[in-house]
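Please walk me through the salt bridges of this protein, then one of its helix pairings.

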Amino acid sequence: MVKERARILVVGGGYVGMYTALRLQRNLKRELQRGEVEITVVSPDPYMTYQPFLPEAAAGSISPRHVVVPLRRVLDRCRIVIGEATSIDHGKRTAALTTLATEEEGTGAQQLSYDDLVLAPGSVSRTLPVPGLAEHGIGFKTVEEAIGLRNHVIEQMDIASSTRDPAVRDAALTFVFVGGGYAGVEALAELEDMARYTARYYHNIRPEDMKWILVEASDRILPEVGEEMGRYTVTELRRRNIDVRLGTRLESCADRVAVLSDGARFPTRTVVWTAGVRPHPVLAASDLPLNERGRLVCTPELTIEGTTHAWAAGDAAAVPDVTAGEPGRECAPNAQHAVRQARVLGDNIAHLLRGEPLETYAHKYAGSVASLGLHKGVAYVYGRRLKGYPAWFMHRVYHLSRVPTFNRKARVLAEWTLSGFFKREIVSLGSLEHPRAEFELAAGGKPPHDPSNDPNGSS
């Protein structure tokens, strides 16, 4: 049993952070009640985002609040700190944190001491020095970006419907997505499906008036579902009049003109960047060992190699794949591994505190599923390939079973059921991004938001 008070610090509130803390709550229930263990979770947001549902949230199939899981409700025995870890000194067992009150206090980052560290900050978007990308690009990693992109797409249709300038109309109806992974393909497919449906309510916009362009630097998309299903996905997208450009890079998007490496130029007000991720900066600001890709070097027990009382999993960790049968192979940094690693990680911390032997993480990759819009999808599961409606149905069933809490499962299922009886919502709430604009104008303050100065073209 635990003899001294153990302070466990979990950095990150994503898949690994939330599931690890949840597992610890269950495994150490008696120790928490007796005050022998303290679990602190540091997260920049008070919720965990279930990212596989972001494309459906962007398309309006799921309400944004049902894509997130409130940490304080789920982790009711943990201390939740809304902030970010800026550096880790594991030698001294301290982490530097900045919170929402840091700037107000003016005292700088606070130092938080711990005994055991779980480092699971996830990843951040990997950007390249593309001219105009910082000014005009839109990401797709958070629920705010997903809903903002939905509002933006509908607003572009409003602009195209009301303008008399053919150039403005053409740019508004051109949508460029960079990156052929899950995020890029699913976001484009769902939004194209939504915009195609929305066009029926505009008197002067037809689906064929819109240009949807997918740019991928490699020679294939969705590598997780296999080469055959990747080719099928390309064929399916092109059948829907989506321009898929493989082996192509975005060279520039300055002045709202997307310039591709094949020489094509597309005036556009929408450039969505989903071209990969990179490790969170806090990893480099620590004294823990990293591999050549900037990820933490881990053991099969999910401890950080060469250290004690330090653990990691998910995107931030290079975990050996013991099921691969070949040395040096690592587990893919995806949600499937992250959720399963978190369970083993939570169990192993409890084993360590109780003096019990640690478990080894071993899980064979089951496969992948991807949605391509309503009733369309691709899947590669346990060696079997599915496409069309069966793959789409499997995508929904799988992710419904994986989304945390019964509350979220019931709400998502209810929304899906109701959507079968009612029409889609086509409302844009772009003003949510500037909620004080009207009041500021009425109070004689700042002028109303100027769409011409908005890098995303939102009104």
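Arg 245 and Asp 262 form a salt bridge, with their closest N and O atoms 2.6 Å apart. A salt bridge here is a side-chain nitrogen of Lys or Arg within 4 Å of a carboxyl oxygen of Asp or Glu. Arg 245 sits in strand S13 (residues 242–246), and Asp 262 in the loop between strand S15 (257–260) and strand S16 (265–267), so the pair ties together parts 17 residues apart in sequence. Strands (E, at least two residues) and helices (H or I, at least four) are DSSP runs, numbered from the N terminus. Asp 262 is partly exposed, at 42% relative accessibility. Buried means under 20% relative accessible area, exposed over 50%, and partly exposed in between (1.4 Å probe, protein chains only).

This is a predicted model: local features need pLDDT of at least 70, side-chain atom pairs count only at pLDDT 80 or more, and totals for chains, interfaces and linings use all residues. Residues are numbered from 1 along each chain as its sequence is written, and side-chain values use heavy atoms, leaving out hydrogens and water.

The salt-bridge count comes to 20. Another one joins Arg 196 to Glu 192, at 2.7 Å from N to O. These two are four residues apart in helix H9 (residues 182–198), about one helical turn. Glu 192 is buried, at 3%, whereas Arg 196 is partly exposed, at 34%.

Now the helices. H1 (residues 15–27) packs with H12 (residues 335–353) at about 35 degrees, their axes 8 Å apart. Axes are lines fitted to C-alpha atoms, for helices over the stretch in contact, and angles run from 0 to 180 degrees between N-to-C directions.
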